[in-house]
Amino acid sequence: MLDPTIIAIPLYFSLIGLELLYVHFTKNKLYRFKDAITNINAGATQQIVAVLMSLVGISLYAVVYEWFSLKLIDTSQWYWHTFLLLFVLWDLCYYWAHRLSHEINLFWSAHVVHHQSEYYNLSVALRQSWFQGVWTAPVYLPLAIIGFDPQQVVFVAGINLIYQFWIHTETINKMGWLEWIMNTPSHHRVHHGRNPKYIDKNHAGVFIIWDRLFGTFQKEEERPVYGITTPIKSWNPIYANFAHFKVIGQQFREASSLKAKLQVLFKKPGWSAKSRAYLAVPEVDRSSYVPYDNPIPRGLSVYVTVQYVLLLGTIALFLFQQASLPGNVKWFFAAIVMLSVWTMSGLLEMKRPLYWLEYVRLPLTFGIYIYFLDGTFSQLMYGLPFMFLTVGSWYWLFRFFRAYQGLSGNKLVKPVKH
Ligand SMILES: [Zn+2]
Ligand SMILES: [Zn+2]
């Protein structure tokens, strides 16, 4: 069975399209091209990692359900009341799993990716961590003990996540009485804010009542400044997933004893072992805050956009076909996608070593198109446009590389003329 979060992919992109139309007509700067690409790439690679993980791992939930369930629920068929009960209980567990992901430094490493964007739009909803759920899976186990069927749980978890998609927008203001019960764009904007008063607030999934009940609710006063207190300043979704482990490594070096190291792992993020106190969260002002950006030539933006559309097609093909792909093709496919998001971030950051890798990536990607066209002559005719595109891309890259031969560190710049 396909995960409902994958079936909803066309819905995600339709709504992102609508939001982009809104941006176009209102001239609101809600999107940044490089940021949105990075968000979507983070989501795509997370889905791919999830597919690969299910190849090797078995779910903890299924094991507990099999061996320790009290079977208090009749799972012989779907009943509305059990569905609603599961929906509410899942959301309660989600609240705690999410809250712990914010309040324990080690757990934060598996959630921080979702908060790294300094913008707030629908593409941020797709920005999910590869390791999401690794630390917090036990929070959901009471549902297995009660006896909720794993398949129903996967379904309800999917609906819960899909609900959270539409609230990642600045285009909807406040929603009247709904603000009392439901998690809304306004409440979730607060959750993504890095202003001191907004940090670690509104952990709700679908129902905001959990925050009101457990004391983590914060109303949206002024519009937040988005992101984390130390921006990662990178368009690389692979690095984004490991960036916080680097932070933990630095914190570890400052912690001299075993006790101090454990404190680093289990206290809130921002704990300093050196000063034995939490670092102060800096105040930020939306009118003067400048999100990270690096200007790139227009031609390069066009090149990346073309490659990106192709990459999205490749990823969609993978996610919808993965069940029928042989294991080794799956791994090859996943490797190409990973390589693609890596080189793409390198292009956006104008990093020289990754331009060389882009030369290698282009023919490998072409290999994937040929795999899906089954090799008959008429099918290969369809492959011709892809061949032209690959050769054209190669040529364009060659020209670009020649024009930007100068180097500043490992970044490409135009050479200085004498
Ligand atoms: Zn969060
Ligand atoms: Zn969010």
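Which residues in helix 5 meet helix 9, and which residues in helix 9 do they meet? In this predicted model, for which local features need pLDDT of at least 70, side-chain atom pairs count only at pLDDT 80 or more and totals for chains, interfaces and linings use all residues, L86, F87, W90, D91 and Y94 in helix 5 meet Q152, V156, A157 and N160 in helix 9, a contact being counted if the C-beta atoms of two residues, placed from the backbone, lie within 7 Å. By class, this contact of helix 5 with helix 9 has six nonpolar, two polar and one charged residues; Ala, Val, Leu, Ile, Met, Phe, Trp, Tyr, Cys and Pro count as nonpolar, Asp, Glu, Lys and Arg as charged, and the others, Gly among them, as polar. Residues are numbered from 1 along each chain as its sequence is written, while chains are lettered from A and ligands numbered from 1 in the order in which they are written.

Helix 5 (residues 80-103) and helix 9 (residues 150-163) pack at an angle of about 65°, with their axes 10 Å apart, where axes are lines fitted to C-alpha atoms, for helices over the stretch in contact, and angles run from 0 to 180 degrees between N-to-C directions. Helix 5 is therefore roughly perpendicular to helix 9, as angles of 65 to 115 degrees count as roughly perpendicular, under 35 as roughly parallel, over 145 as roughly antiparallel and the rest as oblique.

Overall, the secondary structure of the protein comes to 18 helices and four strands, both being DSSP runs numbered from the N terminus (helices H or I, at least four residues; strands E, at least two). The protein is divided into domain 1 (4-214) and domain 2 (298-407), with bounds from an automatic or database domain assignment. Across the two domains, 13 residues of domain 1 are in contact with 14 residues of domain 2, and the largest share of the touching side of domain 1, 11 residues, comes from helix 3 (residues 33-56).
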